[in-house]
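This report is for a reader who is new to the structure shown below.

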Amino acid sequence: MTARILDGRALAAALRADVAARAASLAYRPKLAVVLVGDNPASAVYVSAKDRAAREARLDAQTIRLPAETTQAALTDVVGALNADPHVDGILVQLPLPPHVESRAVLEAIDPAKDVDGFHPINAGRLADGQDVLTPCTPRAVMKLLAAAGAALSGARAVVIGRSAIVGRPVAGLLTAAHATVTLAHSRTLDLAHECRRAGIVVAATGRPEMVRGDWVAPGAVVIDVGINRVAGGRLVGDVAYDECLGHAGAITPVPGGVGPMTIACLLENTLLAAERRR
Ligand code: NDP
């Protein structure tokens with residue numbers, strides 16, 4: 001068996017075009033505000049990519065760049081001003097924040113109706129409760145890739161590897177809401193290979209390069225690789241040993257070109273949804 005490769009770039013282009021068409025039909029331009037604190041080079045690249053993608057999808061985009069020494073109070077004030085601005089539909093505070101800032105408090109200051117990252121505890125709680133909310137972008141991307149794979153979720157056995165608040169847990173919640181039987185695995189899971197082998201859906205989000213081996217994957221399983229890891233020589237790899245898994249999986253996402261591009265497209269979709277719901 002050779003796995004079908006789920007082309008995240010093509011799917012993302014289609015979603016971005018859809019967002020652009022929907023945005024163009026509105027009487028206003030939905031607006032995304034991104035706050036970047038400090039000069040982390042990776043964050044600067046992500047923020048520029050989000051800004052560019054938003055403009056290409058006919059959304060208004062504003063990036064607020066603040067110095068690394070910005071205090072928590074000053075940052076919270078910036079968030080408060082964005083909350084109060086009627087033209088701003090989505091607010092994203094780029095993580096990580098400098099160590100002197102308590103990220104949780106800043107994220108909790110964002111108006112949940114403008115929380116396009118879906119990290120506010122009200123949105124996380126509603127998601128866990130099965131409600132339709134602004135879903136964190138990467139988990140939303142995972143679900144769209146599963147849909148593109150034609151994966152039947154109801155009754156399926158799914159294993160999610162990684163239990164972070166931004167990826168693993170919300171993915172497990174969304175899969176549960178879609179009636180899958182979900183195992184949420186993590187670093188203390190006993191015999192992870194066994195858990196994977198009995199799953200029809202494997203979502204890997206660990207930050208461990210190529211940890212999921214080919215012989216962990218049941219024949220025909222759908223494998224979604226969230227990981228982005230830079231290894232020796234500068235090469236990017238996922239959390240899944242892609243070449244090994246190609247011969248076992250029914251469908252698989254590549255890294256790069258899988259979950260990553262879809263995540264940004266889902267941010268644009270969340271901004272549009274936030275605008276439609278709020279205005
Ligand atoms: P975290 O570091 O927050 O969480 C990693 C999770 O993996 C933890 O739950 C941890 O378990 C688990 N884990 C670590 N080692 C193992 C192991 N050996 N076996 C089983 N589980 C293990 O990472 P994130 O969730 O933030 O990110 C995960 C990956 O996804 C990273 O590579 C990141 O770069 C990538 N990412 C990609 C995005 C995209 O747009 N494509 C967006 C966000 C993240 P425990 O809880 O026990 O410590």
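The bounds of a domain, as the word is used here, come from an automatic or database domain assignment. The model itself is predicted. Its protein chain is divided into domain 1 (27-112) and domain 2 (136-260). Between the C-alpha centres of domain 1 and domain 2 the distance is 29 Å.

**Nonpolar cores**

In soluble globular proteins, nonpolar side chains tend to be buried together. The largest nonpolar core in this model has 55 residues. Leu146, Leu175, Val203 and Ile224 are the residues with the most contacts inside this core. Helix H10 (residues 259-278) supplies the largest share of the core, 10 residues. Because domain 1 (27-112) and domain 2 (136-260) both give residues to this core, the core lies between them. Another core, of 21 residues, lies apart from it; Val202, Val217, Ala218 and Val240 are among its members.

Which residues does Leu146 contact, leaving aside its neighbours within four places in sequence? They are Ala151, Leu153, Leu175, Ile201, Val222 and Ile224.

Ile224 is found in strand E8 (residues 222-225). Its relative accessibility is 0%, so Ile224 counts as buried. Not counting residues up to four places away in sequence, Ile224 touches Leu6, Val142, Leu145, Leu146, Val202, Val203, Ala204, Thr253 and Val259. Of these, Val203 and Leu146 are also named among the residues with the most contacts inside the largest core, while Val202 belongs to the core of 21 residues. Met143 lies 81 residues from Ile224 along the chain, and the C-alpha atoms of the two are separated by 9.4 Å.

**Cysteines**

A disulfide is a covalent bond between the sulfur atoms of two cysteines. How many disulfides does a search of the whole structure find? The search finds 0. For Cys137, the closest cysteine sulfur is that of Cys266, at 6.5 Å, which is too far for a bond. The cut-off for a disulfide is a pair of cysteine sulfur atoms within 2.5 Å. Cys266 is likewise in no disulfide, and the cysteine sulfur nearest to its own is that of Cys137.

| Residue | Relative accessibility | Class |
|---|---|---|
| Cys137 | 6% | buried |
| Cys266 | 0% | buried |

Both values fall in the buried class because buried means under 20% relative accessible area.

Key. Residues numbered from 1 in each chain as written. Predicted model: local features only at pLDDT ≥ 70, side-chain atom pairs only at ≥ 80, totals over all residues. Heavy atoms only, no water. Core = buried A, V, L, I, M, F, W, Y, C linked by side-chain atoms within 4.5 Å. Buried < 20%, exposed > 50% of the residue type's maximum accessible area, 1.4 Å probe, protein only. Helix = DSSP H or I, 4+ residues; strand = E, 2+ residues; numbered from the N terminus. Contact = heavy atoms within 4.5 Å.
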